Amino acid sequence: MKIVGKLVETGVNVALDIQDRKIIKLTLSREESQIWIAPPLVDIQINGFGGHDLNAETVSVDDVCQMVEATRLTGTGYLCPTVVTGSAERMSRSIEAIQQAARVPNIGQSILGIHVEGPYISSEDGPRGAHPKLHVRPPDWEEFQRWQELAEGQINICTLAPEIDGAIPFIEKLVKNGVIAAIGHTNAVTTDIKDAVTAGARLSTHLGNGAHAQIHRHPNYIWDQLASDDLYASLIVDGHHLPPNVVKSMLRAKRPQKSILISDAVHLAGMKPGRYQFTSREVELTKDRCVKLYGTDYLAGSAIGLINGVENAVRFGQISLPQAVSLATRQPAGLLGVADQIGQIRQGDCANLLTFHWDEQNQAISDPHLYLNESI
Ligand SMILES: [Zn+2]
């Protein structure tokens, strides 16, 4: 098989010869192609897709597999399925289902790890977001270890609030055990953020969301995390969770090198607009892919594919297409320590890649096509 297109990273036209699942030859091409070639997208925070909810009471291995397949249609090749605050039993079931899916041939290579978001977060309205207050609790290392055992060590990100009792020693243990500690759903003060970073925290989870509707102008936990050069920031760039100017400002403060796009999608992503039941509440999925509590303006989750975040990042952040693509490929891969394996396209590598069309005038991506040939 031969693919001719423009490498996103360099803008150079190339021809890729693919045989036995490998790029056996990468040569410069004189052919002008409308096709762009990038690595598959990496989503480090996703709760569901295409009707499959990873945090449903009855989640099955099949749900996880079908969710992975649904995200592939939108260009996401790798992900960290995300388990959110719930009872120990419900979270365990989700973790087990994901772990078992990771062993399924042709599915497992897409699962780079499990992101556990909560339950060790702020119980306050605002920072807690949509996480159920009933199940928010202080960090419990034994509980986390039980989950890690169920996951066979695959939990690679844990989002927690550094200000709650026991959080800093917990972050130290996460780091010592090779888990990325992420700050999120937090009501931290300046010293809490500083202590978390000193303890080894490396990521701000969906910075600017999971926050109070109104906060002290400065200092506050958003500025403190923006100013920390040690922290990556993950951003939900769906056009609803963060206004365009906030996206632009955050990308400038963090620079592309420390910015990561996430979908943070709920299972309604990829579904038709309309009214749905979601965790016993009625929600509405709007035509512009916003999930709201029905009849209100309250956000109830994101419903984009990560690839839509890439388009929006170009538009809102006024950054180039290659920069925007790197926020969903090289940067998340770098955070996870796998940039060398999945963040680039080289001769001799497995033919894992994404092709798409880019409409410069409308700054829109179309026809994403994922080639995922081998595990990393
Ligand atoms: Zn969250």
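Author: Let us begin with a single pair of residues in a model that is predicted. Alanine 15 has a bridge partner in strand E3, and that partner is threonine 27.

Reader: In which sense do strand E2 and E3 pair, and over how many bridges?

Author: Strands of a sheet pair through backbone hydrogen bonds, and the pairing is either parallel or antiparallel. Strand E2 covers residues 13-19. Its pairing with E3 is antiparallel, and the number of bridges is 6.

Reader: Which strands stand at the edges of the open sheet of 6 strands?

Author: The order of the strands is E3-E2-E1-E4-E19-E20, and the pairing is mixed. An edge strand has a single partner strand, so one of its sides has no neighbour in the sheet. This applies to strand E3 (22-28) and strand E20 (364-371).

Reader: What is the average twist from one strand to the next in the sheet with the order E3-E2-E1-E4-E19-E20?

Author: In this sheet of 6 strands, the twist from one strand to the next has an average of 40 degrees.
The sheet also has a helix packed on it, namely H8 (residues 306-317), which touches strand E19 (353-359) and E20. The direction of H8 and that of E20 make an angle of about 140 degrees. To return to the value requested, the twist averages 40 degrees.

Reader: Is lysine 25 buried, partly exposed or exposed?

Author: Lysine 25 belongs to strand E3. Beyond its neighbours within four places in sequence, lysine 25 is in contact with Ala15, Leu16, Asp17 and Gln347. Its relative accessible area is 43%, which lies between the limits of 20% and 50%. Lysine 25 is therefore partly exposed.

Reader: How far apart in space are lysine 25 and arginine 346?

Author: In sequence, lysine 25 and arginine 346 are 321 residues apart. In space, the separation is taken from C-alpha to C-alpha, and its value is 8.7 Å.

Reader: How many charged residues does the contact of H7 with H8 have?

Author: From H7, the contact involves Pro244, Val247, Lys248, Leu251 and Arg252, and from H8 it involves Ala313, Phe316 and Gly317. By class, 5 of these residues are nonpolar and 1 is polar. The number of charged residues is 2.

Reader: Is helix H1 oblique or roughly perpendicular to helix H2?

Author: Helix H1 (residues 61-72) and helix H2 (residues 88-101) have axes that come within 8 Å and cross at roughly 60 degrees. The range for roughly perpendicular is 65 to 115 degrees, and that for roughly parallel is under 35. The angle of roughly 60 degrees therefore makes H1, relative to H2, oblique.

Reader: How many nonpolar residues are in the contact of H1 with H2?

Author: The crossing of these two helices, H1 and H2, is right-handed. Val61, Val64 and Cys65 of H1 meet Ala97, Ile98, Gln100 and Ala101 of H2. The contact has 1 polar residue and no charged residue, and its nonpolar residues number 6.

Reader: Which strands are at the edges of the open sheet of 4 strands?

Author: This sheet has the order E15-E16-E17-E18, with antiparallel pairing, and its twist averages 30 degrees from one strand to the next. E15 is joined by 5 bridges to strand E16 (residues 281-285), where leucine 285 is the bridge partner of glycine 274. The strands that pair on one side only are strand E15 (274-278) and strand E18 (299-302).

Reader: Which residue is joined to proline 119 by a cis peptide bond?

Author: Most peptide bonds are trans. Proline 119 lies in the loop between strand E9 (114-117) and helix H3 (141-150). The bond in question is cis, with omega about 0 degrees, and the residue joined to proline 119 is glycine 118.

Reader: Is histidine 185 buried or exposed?

Author: Histidine 185 is in the loop between strand E11 (180-183) and helix H5 (190-199), and its phi is positive, near 45 degrees. Its relative accessible area is 6%, and the limit for this class is under 20%. Histidine 185 is therefore buried.

Notes: Residues are numbered from 1 along each chain as its sequence is written. This is a predicted model: local features need pLDDT of at least 70, side-chain atom pairs count only at pLDDT 80 or more; totals for chains, interfaces and linings use all residues. Side-chain values use heavy atoms; hydrogens and water are left out. Axes are lines fitted to C-alpha atoms, for helices over the stretch in contact, and angles run from 0 to 180 degrees between N-to-C directions. Angles under 35 degrees count as roughly parallel, over 145 as roughly antiparallel, 65 to 115 as roughly perpendicular and the rest as oblique. A crossing is left-handed if the near helix is turned anticlockwise from the far one by less than a right angle, and right-handed if clockwise. Contact means heavy atoms within 4.5 Å. Ala, Val, Leu, Ile, Met, Phe, Trp, Tyr, Cys and Pro count as nonpolar, Asp, Glu, Lys and Arg as charged, and the others, Gly among them, as polar. Two strands pair if DSSP finds at least two bridges between them. Buried means under 20% relative accessible area, exposed over 50%, partly exposed in between (1.4 Å probe, protein chains only).
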